[in-house]
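Keep the structure open as you read.

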Amino acid sequence: MEHRVLGRTGREVGVVGLGAWQLGADWGQVSEDDAFATLQAAVDAGVTFVDTADVYGDGRSEQIVGRFAKKHPGLTVATKMGRRMEQIPANYVMSNFRAWNERSRRNLDVDTLDLVQLHCPPTPVYSTDAVYDALDTLVSEKKIAAYGVSVETCDEALTAIARPGVATVQIILNAFRLKPLEQVLPAARAAGVGIIARVPLASGLLSGRYDEHTTFAADDHRAFNRHGEAFDVGETFSGVDFATGLEAVRRLAPLVPEGVTMAQFALRWILDQEGVSVVIPGARSRAPPLFGRCVRGR
């Protein structure tokens, strides 16, 4: 596994991490056995970075990741905060940060959180001095080792990158979502901010395993959020219409090298973009493999 420094955290992580949203909720039912098997398969393949959030299964994902990490020292675990309350800027204050972080520390069973990210908060939050002062205080108190932001837009990313304490920016980036290449990645490189690329497979479209007959469970966001009914539409198929995405994948297929899966090809493309620190595909089971040649060569 190739390793890169994760921005201002100073930590080296494997370039392919694991997104743990699936282990909590919104992707259909995932048993604890399958969740632990998925984490084990990832670590066996060289993964050292896991991304979760306090809202994934209302803490279930954090708890599972925390129990696993206790038995696998050396993992860097990032979590996120803020989406369990009404999304108004007034809720992004120190008293709530303390409460949210205390809950995450209990769920993950740690004294200090490796990396805490604001979880796609209202846009004004990214420009609020008091928010960063509060986060800096939590770092000084060793409640968190570093902080970053998860964003929906490039403008939000650029606003955060300009802040000296922001270690990482998490943003949607894949072969369907190219806008971050224009300004966000160059700005992050110049500032030394890490880029965490999420939704790298466009919610599975870029796995190459879906067709017009594919269906999803009622509690899977790919069934209930295709038009942004529950949260930002970009989190589901990167905001791409499902039929349009299928056609795009078919056009990409002839470019995939022999012996490489579409998923590995899609991840490698992201990793080849200068400035990306880690890409975080999600998984609900051990198969199909997301690792291997996607991190060892083009």
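Val-151 sits in a loop of this predicted model. The loop runs between strand β7 (147-150) and helix α5 (154-161). Start with this residue, then turn to helix α4 (residues 129-140).

**Val-151 and its surroundings**

- Val-151 has 0% relative accessibility, so Val-151 counts as buried, the cut-off being under 20%.
- Beyond its neighbours within four places in sequence, Val-151 is in contact with Cys-120, Tyr-126, Glu-156 and Ala-157, among others.
- The contacts of Val-151 also include Val-169, Gln-170, Ile-171 and Arg-198.
- Val-151 and Val-169 are 18 residues apart along the chain. Their C-alpha atoms are separated by 7.2 Å.

**Helix α4: length and end**

- Helix α4 has 12 residues.
- From first C-alpha to last, α4 reaches 17 Å. That is close to the 16 Å expected at 1.5 Å a residue.
- Lys-142 follows α4 and has a positive phi, near 65°.

- Which residues of α4 are buried? They are Val-131, Tyr-132, Ala-134, Leu-135 and Leu-138.

**What covers the buried side**

- Strands β5 (76-81), β6 (115-119), β7 and β8 (166-172) are among the elements that cover the buried residues of α4.
- Helices α3 (94-108) and α5 are also included in that cover.

Methods. Residues are numbered from 1 along each chain as its sequence is written. This is a predicted model: local features need pLDDT of at least 70, side-chain atom pairs count only at pLDDT 80 or more; totals for chains, interfaces and linings use all residues. Side-chain values use heavy atoms; hydrogens and water are left out. Helices (H or I, at least four residues) and strands (E, at least two) are DSSP runs, numbered from the N terminus. Buried means under 20% relative accessible area, exposed over 50%, partly exposed in between (1.4 Å probe, protein chains only). Contact means heavy atoms within 4.5 Å. The expected span of a helix is 1.5 Å times one less than its number of residues.
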